[in-house]
Amino acid sequence: MSEGGKTARSDLIGGAGWVVFGLAIVIGSVRMERFESMGAELYTMPGFVPGMIGGLVALLGLVLMLRGWVRRGSETPVPGAEAVEPLLNRRIVTTMLLTLVYAGLLIGRAPFWLVTALFVAAFVAIFMPPGSTPMRRAAVAMLAGVLTSAVVTLLFQQVFLVRLP
């Protein structure tokens with residue numbers, strides 16, 4: 001299968017996964033308590049923003065699938081080049097592990113601002129382009145972690161009035 005064929009198939013499969021994930025978010029947000037008895041309006045209901053994000057994720061998944069469908073026509077099979085693509089590559093596994101450690105192990109056990117700064121710093125350090133020097137990698141990762149943590153913490157606590165763990 002040509003490189004274009006791999007990309008088309010990958011876009012179709014990946015897009016379908018994003019559509020399913022986005023729809024699951026929409027369904028979950030619709031099922032959330034609406035607090036109508038307390039006078040909540042549409043925009044103040046807890047599931048409103050997650051539902052919008054889930055819908056956007058599903059829509060972008062459809063766009064990715066459409067792109068794969070359009071590219072599918074440009075496939076030129078190469079005899080004997082049937083390579084099996086790994087279901088999960090190293091970057092996806094690393095992202096999943098970092099996210100699980102952050103959300104599953106650290107949130108609630110240490111201050112939110114500290115855990116978030118460490119998570120973002122680790123993520124940036126791991127996924128920064130390979131040409132960076134170790135000193136630059138560490139500096140950029142720490143700066144990104146501290147700034148992201150500060151902005152998210154202030155935004156949620158001061159603007160959205162959400163108590164963070």
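Contact here means heavy atoms within 4.5 Å of one another.

The structure is a predicted model, in which local features need pLDDT of at least 70 and side-chain atom pairs count only at pLDDT 80 or more, while totals for chains, interfaces and linings use all residues. Residues are numbered from 1 along each chain as its sequence is written, and side-chain values use heavy atoms, with hydrogens and water left out.

The axis of α4 comes within 7 Å of the axis of α5 (residues 134–159), and the two cross at roughly 145°. Axes are lines fitted to C-alpha atoms, for helices over the stretch in contact, and angles between N-to-C directions run from 0 to 180 degrees. The crossing of α4 with α5 is right-handed. A crossing has this hand if the near helix is turned clockwise from the far one by less than a right angle, and is left-handed if the turn is anticlockwise.

## The chain as a whole

The chain holds five helices and zero strands, which gives the pattern α-α-α-α-α along the sequence. Helices (H or I, at least four residues) and strands (E, at least two) are DSSP runs, numbered from the N terminus. Of the 165 residues, 21% count as buried. Buried means under 20% relative accessible area, exposed means over 50%, and partly exposed lies in between, with a 1.4 Å probe and protein chains only. Among the contacts in the chain with a separation of 6 or more, 67% come from residues 24 or more positions apart.

An unreviewed UniProt entry places the feature "transmembrane region" at residues 12–30, 42–66, 111–128 and 140–160. UniProt positions are given in the numbering used here, feature names are shortened, and annotations may be inferred rather than shown by experiment. In the model, residues 12–30 are 100% helix and 0% strand, with end C-alpha atoms 27 Å apart. Residues 140–160 are 95% helix and 0% strand, and their end C-alpha atoms lie 28 Å apart.

## The largest nonpolar core

Eight residues make up the largest nonpolar core: Leu98, Tyr102, Phe112, Val115, Phe119, Val120, Phe127 and Leu164. Both α3 (90–106) and α4 (112–127) supply at least two residues of this core, and α4 gives the most, with five. Such a core is a set of buried Ala, Val, Leu, Ile, Met, Phe, Trp, Tyr and Cys residues joined through side-chain atoms within 4.5 Å.

Under the same exclusion, Phe112 is in contact with Tyr102, Ile107, Val152, Thr153, Leu164 and Pro165. The C-alpha atoms of Phe112 and Tyr102 are 10.0 Å apart, and these residues are ten positions apart in sequence.

## Individual residues

The table gives accessibility for some of the residues discussed.

| Residue | Relative accessible area | Class |
|---|---|---|
| Arg34 | 37% | partly exposed |
| Arg71 | 31% | partly exposed |
| Phe112 | 12% | buried |
| Thr116 | 5% | buried |
| Ile126 | 44% | partly exposed |

Thr116 is found in α4. Beyond its neighbours within four places in sequence, Thr116 is in contact with Tyr102 and Ser149. Ile126 also belongs to α4; with such neighbours within four places set aside, Ile126 is in contact with Thr94, Leu98 and Arg137. The C-alpha atoms of Ile126 and Arg91 are separated by 9.4 Å, although 35 residues separate the two along the chain.

Arg34 is in the loop between α1 (3–30) and α2. Its C-alpha atom is 5.3 Å from that of Met45, eleven residues away along the chain. Arg71 is part of α2 (residues 48–72). Not counting residues up to four places away in sequence, Arg71 touches Thr7, Ala8 and Asp11. The C-alpha atoms of Arg71 and Arg9 are 8.8 Å apart, with the two residues 62 positions apart along the chain.
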